[in-house]
Structures are given as C-alpha cells and as structure tokens.
Amino acid sequence: MASLTIARAYQYFFDTHPNRTLALTGGVLNAVGDIVAQVSQNVVSEDHEHRRGWDAGRTLRFFCFGLGLSPLLGRWNVFLERKFPLCKRRCHRTSFKALSKRVAADQLIMAPFGLVLFVGCMGVMEFRSIAQIRERYADMYTTALLTNWKVWPIAQLINFRYMPLPYRIPFQSTCGVFWTLYLSLLNAREDERQERKIAMEQRIH
C-alpha cells in the first residue's frame, strides 16, 4: 500500500513538475550511492586509524551532479521514445530492432557524454586545476567507460522495454546507486592519488 501511494505521488509530481521531479529523484539516489560507497570504503578498510567519517561535501557533490543531469536524461529518453518507437500504430509486437537502436544510441552517445560531464563536474566542484582534471580524464575515463559497457546495456534494455517513460529515470537511478558506488570509489581513489602527488611535490619544494 505504501509503495502504491509513493508511486501515485511520484506520478502526480512528474505530471505537474517533470523536470523538478526527475532532478530531485536523481539527486537523492546519487547521494544514496555515494553514502553507500563511503560506508563500504570504511568497512573494507584494514587501516582503522585512517578510516574517515562521513564526507558530507562529497555526498553533496554527487547530489548536485544527479540534480543537474537527471532532467537532461529525461529529455534524452523522450527523444529516444520519439526517434525509435517500439510499437507503431495497431502493432502488438515490440520492435527488437528499434529497442536495439535505443540501447545502442544510449551507450554510444549518452554514456560517453555523461562520463565526460561526471569527470569534469566533479573536478570543478572539488576545485581541481585544469591540469588535474585532464589527468583525471586520462586516468579514469577509459576504465569507467569500458566498465559502463559491461553493465549498462542489459539494464537499459530492460528499462527501455518494460518501464513507462516517467519511471525510466527512477529505474535508471535506482540501478545507478551501484554505478554511483563504483564511480564514487573510482573518484575517491583518484582524489587520494592526486593528494599524495601534491603532498610529495610540496615536500620536494
């Protein structure tokens, strides 16, 4: 009953304020992914002395990224819906060809673009220099994109095939909690690597 009420409330807000609803939903789920990542980092850390408390600023950055990206993803889904209709008029069968084109377009266009935004936006929000952001692209981008292509095509295949348009971003964001966990851990490792590099340079000088 509670889940039905939440679904009705979500549908109402999506119908009346679609962009705000998608933004808030994506932001919250992105923040949840980072919180899970931070907890996981502390759980698996063998060095008890260097375990960190909750980094609220890091979670806020992930929230802001999800807040800004989700409305864009919503418009992208509308474009895919119109460009590659799964079922034309008086058709009771789903076009696998159209479904494949949706997934291919999503993975070949939006996935690389989304990762470009992620690395760049995180670098800017962390007040990294242009040189550091470029270094992050060199270190993180290819690894993240290849991992993306291993896990996201099947998730998006299910999403585009079975989820109604208003629920595709929440479904994607829910699956994305685990993806955010991965990106958060990857980004955190790059943070630590760059911080060690800066510290070593300061000692030399």
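Biologist: At what angle do helix α4 and helix α5 pack, and how far apart are their axes?

Modeller: The model is predicted. Helix α4, residues 96-125, packs against helix α5, residues 130-162, at an angle of about 145°, and the two axes are 8 Å apart. The crossing is right-handed. Residues of this contact comprise 21 nonpolar, 5 polar and 4 charged.

Beyond its neighbours within four places in sequence, Leu115 touches Tyr141, Ala144, Leu145, Trp179 and Leu183.

Aromatic pairs number 8 in the structure. In one of them, the ring centres of Phe65 and Phe118 are 5.5 Å apart and the planes stand at 80°, so the pair is edge-to-face. Phe65 belongs to helix α3 and Phe118 to helix α4, so this pair ties together parts that are 53 residues apart in sequence. Both Phe65 and Phe118 are buried.

Trp76 and Phe79 form a stacked pair, with 5.6 Å from centre to centre and 25° between the planes. These two residues are 3 residues apart in helix α3, and are therefore separated by about one helical turn. Trp76 is buried at a relative accessible area of 12%, whereas Phe79 is partly exposed at 41%.

Conventions:
Residues are numbered from 1 along each chain as its sequence is written. This is a predicted model: local features need pLDDT of at least 70, side-chain atom pairs count only at pLDDT 80 or more; totals for chains, interfaces and linings use all residues. Side-chain values use heavy atoms; hydrogens and water are left out. Axes are lines fitted to C-alpha atoms, for helices over the stretch in contact, and angles run from 0 to 180 degrees between N-to-C directions. Helices (H or I, at least four residues) and strands (E, at least two) are DSSP runs, numbered from the N terminus. A crossing is left-handed if the near helix is turned anticlockwise from the far one by less than a right angle, and right-handed if clockwise. Ala, Val, Leu, Ile, Met, Phe, Trp, Tyr, Cys and Pro count as nonpolar, Asp, Glu, Lys and Arg as charged, and the others, Gly among them, as polar. Contact means heavy atoms within 4.5 Å. Rings of Phe, Tyr and Trp (its six-membered ring) pair if their centres lie within 6.5 Å; planes under 30 degrees apart count as stacked, over 60 as edge-to-face and the rest as tilted. Buried means under 20% relative accessible area, exposed over 50%, partly exposed in between (1.4 Å probe, protein chains only).
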